Amino acid sequence: MSLSRSPSPPPGRGWSSPGLTPGSGSSTPRGYSPSGASLAPSGISWAAAKAKSDEVRGYPSFSTRNSGFFSRQKHRISARLPSFRGETHSYVDKHQYGRAHHRHGGGHGPFGVLLWRGRSRLVLGLFLLWIGYLCFWSTIVQLYRRSALGGGRKFVIILGSNVEGGVMEWKGAREWAIERNSIWNKQQYAKQWGYELEVANMLAKKRYSHEWRESWEKGDVIREAMRKYPQAEWFWWLDLNTWIMESDTSLQSHVFDHLDDRVYRDINEYNPMNITHPLPEFYLDDLGRALESDGDPDSLNMLLSQDCTGFNLGSFFLRRSLWTDRLLDSWWDPVMYEQMHMNWEHKEQDAFEYVYQSQPWIRSSVGFLPQRTINSFPLGACGDENNLQVHYQENDRDMVVNMAGCMFGRDCWSEIHDFRELSNKLNRGIWRQLMDSWRGTYDEADSTDDDDGQ
Amino acid sequence: MQFALPPRKSVPGARSSRLPHYRRKQLKTIAIFAFAVIFILYLLSHFSSSSSTSTSTSVAPAATAGVVIVTLLDYEQFSESYISKIVANREDYAKRHGYTNFFASVSDYNEAFGDSPRSWAMVPAVRHAMARNPTSKYFFHLNAHALIMNPAQSLKSHLLERSKLESVMLKDMPVVPPDSIIRTYSHLKEKDVDLIVTQDSEDLNPGSFILKNGDFARYFLDLWFDPLFRSYNFAKAETHGLDHIMQWHPTVLSRTAVVPQRYMNAFSDSTGASADGAYKDGDLIIRFPACGQSTTRDCPELEAYYKIWQKKYKSERDS
């Protein structure tokens, strides 16, 4: 191995790499050959300066041979360089000497050497930085995004899992696979951007059963998450059967930094339910009858999308605010539920459609995102023909796919699986590919197991 | 504290300008990298932080001052002379304290409440008053079968002041008498109160309440007026609707102060009134609940009290 410690002087001016001359092994270049350091620019001899600096440092133990990992590594790394230096040394030395001479008008022979050493250090430093970048950069970035400065803590992803688990039907291999994969997907996304992930256990509970219903489960889960993450501002509800396709896109850059452009508040822009808007009632104030509320993005407290039949709450955002407290409180009401439970097939979604229409205060703070911003459907949901408003478009790299209604006659697992593979294919990055390759193969094997297990 | 390095002064010739060139270069490199890292972090923070941090929910200019008295008149049911008495009574009070009157006609809201009982009209009427007076702070709804008997008393000193309200509000009392398991909050502060209401012997009584302008008022009125509440056949229509909302929705209850009945809703006699809810001389308001239920056009009971008020009003005006 070339890293052997036996001294073998390279051609040219002899051994000049640090590390093997007496007193070397430290990270400072104190062990250079005396010929290369006879005079410092100021005229003080190198030896004298070195002695002084030793005095100042007062760390005799620091120069102990091979005392630390870094010094050993540095020697190893630098040991690869001498031939390069040896080959070009004399020429460049002259060149540098000339320049130094020209500039300073004095004989500074060793100056060029020092410069060269500085340059090799620069190369070395860059190399180390590059290694560090490869190994730690994503961690640093993630730590930063999680910190108070990064803004990641303002977002919480709430994933409804284990829907009616264990009571309505036993979960089979496919259900487990869906759950595991979907959670993993959101974990990766949350980790990358410093968001919080709350996996909500939607186990069938008595208080949410038809005869006992005390509230909507989604509302309770969101309220719970708001208590748990007091620093968070926005809460993103995601159904289990969703897949985040573009994990390199942050919520900030995708939606929240551009609330003005991305959100429409006038439902007439896309109005599959033909909701009357704005409200005509003469007794309402200007805000209640406004087409776009007050037009200020700060008053947006809920963002959702509409599919071909109306509101879709498979993927929506709620902001911590008094408005949201009131919505979560009044969303479910026993008197309303008693009258409407036969009509409200989709529970909270239908109830929300209802209150949006019947209570003007709700409209003032609700904004809509075009469906494909946060809630693209696969073919088969909302029709089999490719609809540019509704269906996932690979070319546009839609961010989230929601396999809405896949439990009714479609195959949830194969849809999720296909979109997962597509997402992996689309996002074959160079560096992340390297970092995640082991994990990717692991997952590959994992999913094969699931396929086999059916 | 122990310093690892002795002070620079004690080492002659060790000033920074004398540092070997490579060391300076090293420092320069480090400085450049440090700068680059800081710059990148700055860029990240600049681009990744969400645009707004405020969680403010106020979507309308905050109301500053002023009281609007909302009275709902049923021109189809009341006689003209009765209406003129009520109007005179309200206008006198408004003039004394610089309040604004908002008289609404039930028939204006026919379409709004549709098939539900006419008494529901008071909810859109208050909403209407708010739309017409967006800068007023308080909206005082007072039933048409009521008289203001102590017009010298301003609402502010009588009820709205912080010390006054906090001392008179009923804490930890059943929301709906006599024994609702939901009780009013015991730690409510004046600044959190958006609605002031009273109870009679059986219910929260919406015949007289004060509502503070703002997001809560919109929320409360819209929720109360929801078509599913109106169509539910509550025996006492909007009164039971209010009882229901108050007991099921803590976001409403937590902003509501219940005050003793005589502060703003004294009944003409003790029938149906809460304990100590019957009118006594000096009370601000007298209500005639029986008039609302009877089918007579006017309210004969009111006559006597109107005369008392008139006499007092006249003597005060003359003096």
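| Chain | Residues | Buried share |
|---|---|---|
| Chain A | 454 residues | 32% buried |
| Chain B | 319 residues | 38% buried |

Chain A has 16 helices and 8 strands, while the secondary structure of chain B comes to 12 helices and 9 strands. If one takes the contacts in chain A between residues at least 6 apart in sequence, 71% of them join residues at least 24 apart, and for chain B the corresponding share is 68%.

Because the model is a prediction, its confidence deserves attention, and that confidence is expressed for each residue as pLDDT, on a scale from 0 to 100. Chain A averages a pLDDT of 77, and 68% of its residues score at least 70. Over residues 1-43 of chain A the pLDDT stays under 50, and the model has 73 contacts beyond four places in sequence for this stretch. Residues 444-454 of chain A also have a pLDDT below 50, and this stretch has 6 contacts in the model beyond near neighbours in sequence.

**The sheet of chain B**

Chain B holds an open sheet of 6 strands, in the order E2-E1-E3-E6-E5-E7, with mixed pairing. Strand E2 (100-105) and strand E7 (256-259) of chain B stand at the edges with a single partner strand each, so one side of each has no neighbour in the sheet. From one strand to the next, the twist averages 25°.

Which residues of strand E5 are buried on each of its faces? In strand E5 (residues 195-199) of chain B, 5 of the 5 residues are buried: B:Leu195, B:Val197 and B:Gln199 lie on one side, and B:Ile196 and B:Thr198 lie on the other.

With E6(B) it is joined antiparallel by 4 bridges, B:Gln199 stands opposite B:Leu204 of E6(B), and the two strands form a hairpin with 4 residues between them. With E7(B), strand E5(B) pairs in the parallel sense over 4 bridges, and here B:Ile196 stands opposite B:Ala257.

Returning to helix H9(B), its 12 residues should span 16 Å at 1.5 Å a residue, and its end C-alpha atoms are 17 Å apart, which agrees. Its buried residues are B:Glu238, B:Gly241, B:Leu242, B:Asp243, B:Ile245 and B:Met246. Among the elements of chain B that cover them are helix H4 (122-132), helix H7 (215-224), E6 and E7.

**A helix and a strand of chain A**

Helix H15 (residues 412-426) of chain A has 15 residues, which at 1.5 Å a residue should span 21 Å, and its end C-alpha atoms are 21 Å apart, in agreement. In H15(A), the residues A:Trp413, A:Glu415, A:Ile416 and A:Phe419 are buried. Why do they lie on the same side of H15(A)? They cover an arc of only 160° around the axis, and therefore they share one side of the helix. The face turned away from this buried side carries the exposed residues A:Glu421 and A:Lys425. Helix H5 (173-193), strand E4 (242-244) and strand E8 (400-402) of chain A are included in what covers the buried residues of H15(A).

Strand E7 (residues 366-369) of chain A is covered on both faces, with A:Val366 and A:Phe368 buried on one side and A:Gly367 and A:Leu369 buried on the other. Strand E5 (residues 302-307) of chain A runs parallel to E7(A) and is joined to it by 4 bridges, in which A:Leu303 has A:Gly367 as its bridge partner.

Technical notes:
Residues numbered from 1 in each chain as written. Chains lettered and ligands numbered in written order. Predicted model: local features only at pLDDT ≥ 70, side-chain atom pairs only at ≥ 80, totals over all residues. Pairing = 2+ DSSP bridges. Axes fitted to C-alpha atoms, helices over the stretch in contact; angles between N-to-C directions. Contact = placed C-beta atoms within 7 Å. Expected span 1.5 Å × (residues − 1). Buried ≥ 20, exposed ≤ 12 C-beta atoms within 10 Å, placed from the backbone. Arc of directions from axis to C-beta.
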